[in-house]
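Please open the model in your viewer and keep the selection panel at hand.

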Amino acid sequence: MLEITNLTYRSEGFELNATFRVERGERLALMGQSGAGKSTLISLIAGFLSPNAGEIWFDSTNLTQCDPSKRPISILFQDSNLFPHLTLRENLGLALSPRLALNAAMEAQISAALAQVGLRGFEGRRPASLSGGQQSRAAIARILLQNRPILLMDEPFAALDPALRREMAELICSLCRDLGLTLILASHDFTDAERMCDRVMLLSEGQITEDCPIAGLRAAPPAGLVPWL
Ligand SMILES: Nc1ncnc2c1ncn2[C@@H]1O[C@H](COP(=O)(O)OP(=O)(O)O)[C@@H](O)[C@H]1O
Ligand SMILES: [Mg+2]
């Protein structure tokens, strides 16, 4: 469903090349050292960067020149990106109505999304009154409301403590499964990748050097992935 062909991006001595497919509901981890090109590839898929060559297709739609806001993609940033002066109802409501003209059906959708991430009854709270984990959950609820088939995440939980990190990974994984979302996660942490994904692609100096299922990988890893396990 997501098909990336001969995608090329060049910048100051760095070159990224990528050709791969991601099926609906697949959960792909992009791994690699700092500077390997993970964030660049995520930004190209999101449309924040334009490729020098190559194409990005979603089913029969060519996304290569498509505005980021019109792509079938939602993005979970490391910082949860909630507006501090708005309540969760309003923060989430922006995903449904940019002018916050919320009708009863939308209010019900917001409450249901909050309940789905374990924040039932938090509609009137502002971000500052929430813990870091609760803010991450609110950002995930907003993604549920955006209702796009592809979810991109770039090192999303790097700032969270290990217990919370695990909890968020499990929440993301179960939501992706339940909703049939396609996940592309950039990470340099194999444990995170293992918790959320079913496939791993290794990037090295802008090139894809491994692409394989995660299941069973620890028992018989391809040579390129050994340093990551
Ligand atoms: N804002 C930027 N301006 C110029 N070069 C950048 C910028 N961000 C990243 N790069 C370069 O692009 C290459 C890929 O980086 P990046 O995609 O951020 O890798 P990763 O996310 O795997 O750490 C690196 O050579 C990096 O130095
Ligand atoms: Mg990065």
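At what angle do helix H3 (residues 104-116) and H4 pack, and how far apart are their axes? Select both: the angle is about 130°, and the axes are 9 Å apart. Here axes are lines fitted to C-alpha atoms, for helices over the stretch in contact, and angles run from 0 to 180 degrees between N-to-C directions. H3 and H4 are therefore oblique to each other, given that angles under 35 degrees count as roughly parallel, over 145 as roughly antiparallel, 65 to 115 as roughly perpendicular and the rest as oblique. Helices (H or I, at least four residues) are DSSP runs, numbered from the N terminus.

This is a predicted model, in which local features need pLDDT of at least 70 and side-chain atom pairs count only at pLDDT 80 or more, while totals for chains, interfaces and linings use all residues. Residues are numbered from 1 along each chain as its sequence is written, and chains are lettered from A and ligands numbered from 1 in the order in which they are written.

**The H3 and H4 contact.** Display Gln 109, Ile 110, Ala 113, Leu 114 and Gln 116 of H3 with Ala 141, Leu 144 and Leu 145 of H4, which make the contact (C-beta atoms, placed from the backbone, within 7 Å). By class these are 6 nonpolar, 2 polar and no charged residues; Ala, Val, Leu, Ile, Met, Phe, Trp, Tyr, Cys and Pro count as nonpolar, Asp, Glu, Lys and Arg as charged, and the others, Gly among them, as polar.

**From H4 to H5.** Next, select helix H4 (residues 132-146) together with H5: their angle is about 15°, with axes 11 Å apart. H4 and H5 are therefore roughly parallel to each other.

Colour domain 1 (1-72 + 148-229) and domain 2 (79-146) separately; the bounds come from an automatic or database domain assignment. Between them, 9 residues of domain 1 are in contact with 8 residues of domain 2. Helix H5 (residues 162-179) gives the most to the domain 1 side, with 6 residues.

Methods
Two residues are in contact if their C-beta atoms, placed from the backbone, lie within 7 Å. Helices (H or I, at least four residues) and strands (E, at least two) are DSSP runs, numbered from the N terminus.
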